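Try each task before reading its solution.

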Amino acid sequence: MADAVEAVLEQWRRECPGLDVEPIGVVGRIMRLSRLWDKEIKGLLAEHGLEPGEFDILSTLRRSGEPYELTAGTFLKASLVTTGAITLRVDRMADKGLVTRVPGDTDRRSVRIRLTPQGLDVIDRVLPLHLANEARLLEGLDAGERQHLAGTLATLLEFRGDTASR
């Protein structure tokens, strides 16, 4: 049985035989998977009272190591969201007791965002469930296929300039 994108490709090949519709085979499948995975990931996080952006902040702080804090500027550089979006997200998370703002030692305008003990507990509890969910989403691929796909996608991201800032 062919996937839904293959049916789209067949229709385009029939209707516009002179067009190269091959990119739809890759881009269309990535976009469909993204929508499907996004729904499933959001569902799992919602079961634990989190939104994806909140989970991203918790996991970013957690992987930064003790004392599990980063400057607001570091978050802005690492994300594709605006200052206002980060501020609103951090405000909601502070209201939930997951993070706290710590004023800078030398510059009062500088603020660090720090995991609270409750935030650390939440990320340490939800992260293994999130990883198991992501592994489940990749069940159709063996380890070699997953590694190959990860490398191919990394190449595309690097080509588009989506690289780690150091």
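**Exercise 1.** In which strand is Arg112 found? Is Arg112 buried or exposed?

*Solution.* This is a predicted model, where local features need pLDDT of at least 70, side-chain atom pairs count only at pLDDT 80 or more, and totals for chains, interfaces and linings use all residues. Residues are numbered from 1 along each chain as its sequence is written, and side-chain values use heavy atoms, without hydrogens and water.

Step 1: Arg112 sits in strand β3, residues 111-115. A strand is a DSSP run of E, at least two residues long.

Step 2: Arg112 counts as buried because its relative accessibility is 17%. Buried means under 20% relative accessible area, exposed over 50%, and partly exposed in between, with a 1.4 Å probe and protein chains only.

**Exercise 2.** Which side chain is joined to that of Arg112 by a polar contact of 2.6 Å?

*Solution.* The partner is Glu69. A polar contact is a pair of N or O atoms within 3.5 Å; within protein, one must be able to donate a hydrogen and the other to accept it, and residues adjacent in sequence count only if both atoms are side-chain atoms.

**Exercise 3.** Where is confidence lowest in the protein, and where is it highest?

*Solution.* Step 1: pLDDT is the predictor's confidence in each residue, from 0 to 100. The protein averages 91, and 96% of the residues score at least 70.

Step 1: The lowest mean is 77, in α4; the highest is 98, in α6. Helices are DSSP runs of H or I with at least four residues, numbered from the N terminus.
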